[in-house]
Amino acid sequence: MAWWIVIAIASTAEIGQAPEFAYYVCGILGSISFIMVNTVSNEQLNGAGYEGGICGSSGIKIWLFTGFVLGFASVIASVWLMISEFSVSQKTTQGIGIVLQNFFILFASLIYKFGRSDETSFGGF
């Protein structure tokens, strides 16, 4: 849903008024954060499901922390863009859309990570 908001804003903008590519970087970093956070299972985070590797369980915790930092930084950066770039112009809906996109990506990442009760329970399969 988050990317659909930005697609709708870009497609309904007048010619020459579409957001620049630099404004999409926040959403790209938020999507990378979503992937980084949700590649770590709760078993790996507790140290039970992962042994070995170069960094071990501390490397997994650093990976997860980096993912959360990217997610929250993308939301903060999108709010900053909205205030600095879009509040002075007539394109406030674009700024609100970029903030909503990044908020929804972070919210989905948190729900998907912490909303699951067990890694092996996929509807009984």
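Axes are lines fitted to C-alpha atoms, for helices over the stretch in contact. On that basis, the axes of helix 2 (residues 25–38) and helix 5 (residues 92–114) come within 9 Å. They cross at roughly 0°. Angles under 35 degrees count as roughly parallel, and helix 2 and helix 5 are therefore roughly parallel to each other. On the helix 2 side, the contact is made by C26, G27, G30, S31, S33, F34, V37 and N38. Helix 5 contributes Q101, N102, I105, A108, S109, Y112 and K113. By type, the residues of this contact divide into six nonpolar, eight polar and one charged.

The model is a predicted one. Its chain has 125 residues. The chain contains five helices and zero strands, so its pattern along the sequence reads α-α-α-α-α. Of the residues, 32% count as buried. Among contacts in the chain with a separation of 6 or more, 73% come from residues 24 or more positions apart.

The mean pLDDT is 81, and 87% of the residues reach 70 or more. Among the elements, helix 2 has the highest mean pLDDT, at 92. Helix 3 has the lowest, at 75. Where pLDDT is low, the predicted coordinates should not be read in detail.

Helix 2 was examined next. It has 14 residues, which at 1.5 Å a residue should span 20 Å. The end C-alpha atoms of helix 2 are 20 Å apart, which agrees. Its buried residues are C26, G27, G30, S33, M36, V37 and N38. What covers them includes helix 1 (2–12), helix 4 and helix 5.

On the facing helix, S109 gives a detailed view of the contact. This residue lies in helix 5. At 2% relative accessibility, S109 counts as buried, because buried means under 20%. Leaving aside neighbours within four places in sequence, S109 is in contact with S33, F34, V37 and N38.

With a relative accessible area of 34%, L100 is partly exposed. L100 and M1 are 99 residues apart along the chain. Their C-alpha atoms are separated by 9.9 Å.

Helix 4 (residues 56–86) has 31 residues. At 1.5 Å a residue, helix 4 should span 45 Å. Its end C-alpha atoms are 44 Å apart, which agrees. The buried residues of helix 4 are G56, G59, I60, L64, G67, F68, G71, S74, V75, S78, L81 and F86. What covers them includes helix 2, helix 3 (42–46) and helix 5. An α-helix has 3.6 residues a turn, so residues three or four places apart point the same way.

G71 lies in helix 4. It is buried, with a relative accessible area of 2%. The C-alpha atoms of G71 and S31 are separated by 8.0 Å, although the two residues are 40 residues apart along the chain. Neighbours within four places in sequence aside, G71 is in contact with S33 and L106.

G59 and L45 are 14 residues apart along the chain. The distance between their C-alpha atoms is 9.8 Å.

T39 is found in the loop between helix 2 and helix 3. Its relative accessible area is 46%, and T39 is partly exposed. T39 and L64 are 25 residues apart in sequence. In space they are 8.6 Å apart, C-alpha to C-alpha. L64 itself is among the buried residues of helix 4. Not counting residues up to four places away in sequence, T39 touches Q44 and W63.

Methods:
Residues are numbered from 1 along each chain as its sequence is written. This is a predicted model: local features need pLDDT of at least 70, side-chain atom pairs count only at pLDDT 80 or more; totals for chains, interfaces and linings use all residues. Side-chain values use heavy atoms; hydrogens and water are left out. Axes are lines fitted to C-alpha atoms, for helices over the stretch in contact, and angles run from 0 to 180 degrees between N-to-C directions. Helices (H or I, at least four residues) and strands (E, at least two) are DSSP runs, numbered from the N terminus. Angles under 35 degrees count as roughly parallel, over 145 as roughly antiparallel, 65 to 115 as roughly perpendicular and the rest as oblique. Contact means heavy atoms within 4.5 Å. Ala, Val, Leu, Ile, Met, Phe, Trp, Tyr, Cys and Pro count as nonpolar, Asp, Glu, Lys and Arg as charged, and the others, Gly among them, as polar. The expected span of a helix is 1.5 Å times one less than its number of residues. Buried means under 20% relative accessible area, exposed over 50%, partly exposed in between (1.4 Å probe, protein chains only). pLDDT is the predictor's confidence in each residue, from 0 to 100.
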